[in-house]
Amino acid sequence: MNTDSTPLPKVPKKSVWNNPKFRSLFFQAIVLAATVAFGISIFHNTSVNLETRGIATGFDFLSTTAGFGIIQHFIPYTEESTYGATFLVGLINTIVVSALGIILATILGVIVGIARLSKNWLIAKLAAVYIEIFRNIPLLLQIFFWYFVVLRNLPSPRQSVTFVGGFFLNNRGIYSPSPVTHDGFSYIVWAVILAFVLIFFIKRWADKRQEATGQQFHTFYVSLVILVILPLLAAVATGFPLTWDKPALSGFNFKGGMVIIPEFAALLLSLVIYTASFMAETVRAGIESVAHGQTEAAYALGLRPNSTLRLVILPQALRVIIPPMTSEFLNLTKNSSLATAIAYPDLVAVFAGTTLNQTGQAIEIIAMTMAVYLSISLLISAVMNWYNASVALVER
Amino acid sequence: MTEQAAAEKGLAVSDEVMIDIRNMHKWYGQFHVLKDINITVKKGERIVVCGPSGSGKSTMIRCINRLEEHQKGQIIVQGVELTSDLKQIEAIRREVGMVFQHFNLFPHLTVLENCALAPIWVRKMPRAEAEEIGMKYLERVKIPEQAKKYPGQLSGGQQQRVAIARSLCMSPNVMLFDEPTSALDPEMIKEVLDTMIELAEEGMTMIVVTHEMGFAKTVANRVIFMDEGQIIEEEEPETFFEHPKNDRTKLFLSQILAH
Amino acid sequence: MNTKSYAIGQIPDMVPPIASVGFIGWFRKNLFSSWVNSVLTLFSLWLLYLTIPPMIDWMLVNANFSGTTKQDCTNTGACWPFVSSHIDQFFYGFYPQAERWRVDITILLLIGLMIPLFIKKFPYKGITAAVALFIYPVVAFFLLVGGSFGLPVVETSLWGGFSLTLVISVVGIVTSLPIGIVLALGRRSNMPTIRSICTVFIELWRGVPLITVLFMSSVMLPLFLPEGVNFDKLLRALIGVSLFAAAYMAEVVRGGLQAIPKGQFEGAMSLGLSYWKTMSFIILPQALKYVIPSIVSTFIGLFKDTTLVLIIGLFDFLGIVQTASTDPKWLGMAVEGYVFTALVYGVFCFAMSQYSQAIERKLDTGHKKR
Ligand SMILES: Nc1ncnc2c1ncn2[C@@H]1O[C@H](COP(=O)(O)OP(=O)(O)OP(=O)(O)O)[C@@H](O)[C@H]1O
Ligand SMILES: [Mg+2]
């Protein structure tokens, strides 16, 4: 701002200073200038430092060969793949463990939260103890416990714990049969799709009929039956075109089948158990926030307990539950970065860890990593804000 | 309405017993809240229950639709005894409407949805028919124009009238009112009381906990006075207000009529 | 029907029927009210039977309590000598033996300053809090780091164990509070530039995991500094932790500010108070009091999150336990170490959360009275 160059002969200086508009602009200019200066000095220092260390900036490193393997990848990846592929593999691994974690933690959290409110004293107390124990112990400690104490101490592959149906548990992971499809399998897939379409229409029809005649229809059970029968029929007709490749011991390890690596299992388990303890409190608080009078009014009208829950309590409780639940989803996603402590190959471990160490491209790598988490956060928040606005209670 | 008119209303009472409470006791833990309650309510009767705060009035009428559980004695509603049998409790709740002090409307549903909810899910009516009934009763309580609004957008008196309409949609045989006007501003009390008087004129069986003595005088067939969990007096309004027998009743009346 | 008859209004209090109260009533109501509940109760009892006795067995009945080496642990249960022989290390890290009294004094001072805050009637709470916030950190710094007053310097690389955990979390919360307040005020300011800068700063830190912040402060911060200037590892971690915590604190404080009715601002402004005076004498004291429970929760979160510094190579409590369990002389003792760590963290966090809930209840009733 060029306040100095503006001549203000008539007005005494004091009154300019007391003009709130001027003060506000002046203050903002100073803060902005300081921020910019700070940014420039950091930029300058960084470029000098990088030059003296001989590190080239830019994203070229993403297309050079990584030269290290990753124990779990959902897209093709070898030691010859590029750092760009490393980034993708890490990102997918983060998303997989977070998505699964969110689903499982929500289920567990809702169960524990409802149990916390149970009329059964023992169940309520057990839920309370669960919550107090698991939310007060650092997540990293829980991860270490499951990984180093439980999973790492399982027997070696030769002494695996064997379950019926080709499941094996040992210190290399959980081995299970993997499905192998043959000709005609697509019919089964189509049957499943058909079943879903059918269920969709049955639900629509049942809702319409209920609107029109008041008759209720057991959509849930009928859907269940359809979902089992249709694919089964298709399977019989095509002669069961699905076989299982069972893992088998060969040498020191298992060959074939699928494996869930212990790092994944430990991380997922602790994320779920830890986050569920917070979610349970959220669910409890949400349900408790619905005034008791609501239940009484519903009962007084003759509604059954489960209809009351579905039609009166949950719609109100969800408004209270969803926002903190969202931040738990975000917390879980962010906490999945603790993977790096037990070398589960998530984004932070393989990219901000190994790749950074090998290439030294600290700025680019940290920025990319942070950008990924920021985008996930912003995306989830945006969806939730929209949801919140759409369900907000109308008040006078 | 004049007292004469009220007396005329008295003729509408039939001999059919709607609610029969016999030697009913209730405890909260060790605390003996209701002691040996005996009340018989015939079809078409309007009973007003009054008494000091904490005397057990709310607890007593909440026992009638089993929002509270009694531990001794019998409560028989339309010939069915209240036990812990869930089916029977539901059946009784369908026939007994209740209006609460704090309205307890469902804030996430519109006024019309509030009214139609129970007919749809309990009476298994088509939505259109349920909404038709809802509109009919909203007209009865004189607020059909608010049907699409949410409870949070209405005044207290309007909310209470919606609550009455919501109960009526289940076409109950008995209506229970627990201090329906005590959370309302004075100017709103009248609109709710007028609705209740109309209901009484149509012959609805009602049990009303209230301190509105004007309402008791004009509408009630009988007034029940409770204190410390017991029924102290049960009289026709004239006798109750003119010649109360018990000292506690006299004290209570002098206090309540004083202000 | 009634056998006895009483005068009107003279019915005495009677005892409730036996089945509804006492032991039997309680059991019926709380454990076996329906067959579903009965099944659940039996199932829980079975679960408890499966888990609790073996745990007690391992931790107490069959555990080893005395001895100094792994070989002394002859019973099948836990080998507690692992913990007892490392306890000094768990607490002080590698802080030199001769200088450990300095850590003790620092912590005793802290406890001394904290106790008055728990005493209801203590009159000088404000002054104590000010001392704890402004004077104590300086004293603690000179005590722990040394280098003046004749105290030898103790390199931060030697710091570790529970005392390091305390240092990181206390520094984190103490520095994050003022920064958080400034950020919160900035975010609610009506100057667009300030508001945007603060909002971006807050959302940036809250959107990323602490691990990436720690990585950033350990690998990127050195690049940001002019040549020749160098921060030590602990200081870099502290900067990361503080900025991270400040963003969360800012949102906590903002919550408090939002809870203050608008009339308070208007009232203060109409008295002719300036913005800063309004804020520091009227609004902030109320807002901060209102969010004490949330501040405690933030501290609990921070206290647990300090364990992450082990990933960038600092030896906090968990880090040192982890190291001790890889000691060749004590191999296979990880469980004992983890259980001990979990107990310490669990007790601390549980106590703090109970404290914050107690304050919350107190504040709640305060509101209802008005
Ligand atoms: N859930 C409960 N647990 C324990 N005691 C209760 C409970 N509900 C009510 N009470 C006690 O039972 C007594 C009767 O309460 P009730 O609500 O029936 O009184 P009331 O006559 O309706 O009073 P008011 O005019 O204030 O509404 C009171 O002493 C009250 O404290
Ligand atoms: Mg009452």
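The term pLDDT stands for the predictor's confidence in each residue, on a scale from 0 to 100. This is a predicted model, in which local features need pLDDT of at least 70 and side-chain atom pairs count only at pLDDT 80 or more. Residues are numbered from 1 along each chain as its sequence is written, and chains are lettered from A in the order in which they are written.

**Exercise 1.** State what mean pLDDT chain C has.

*Solution.* The mean for chain C is 85, and 96% of its residues reach 70 or more. For the complex, the predictor gives an ipTM of 0.91 and a pTM of 0.86.

**Exercise 2.** Describe how helix α8 of chain C packs against helix α9 of chain C.

*Solution.* Axes here are lines fitted to C-alpha atoms over the stretch in contact, with angles running from 0 to 180 degrees between N-to-C directions. Therefore α8(C) is oblique to α9(C), since angles under 35 degrees count as roughly parallel, over 145 as roughly antiparallel, 65 to 115 as roughly perpendicular and the rest as oblique.

Next, find the residues in contact (heavy atoms within 4.5 Å): among them, Leu210(C), Val213(C) and Leu221(C) of α8(C) meet residues of α9(C) that include Ile239(C) and Phe244(C).

**Exercise 3.** Find what distance separates the domain centres of chain C.

*Solution.* An automatic or database assignment supplies the domain bounds, and chain C is divided into domain 1 (18-64) and domain 2 (87-95 + 154-363). Taken over C-alpha atoms, their centres are separated by 40 Å.

Note on methods
Heavy atoms only, no water. Helix = DSSP H or I, 4+ residues; strand = E, 2+ residues; numbered from the N terminus.
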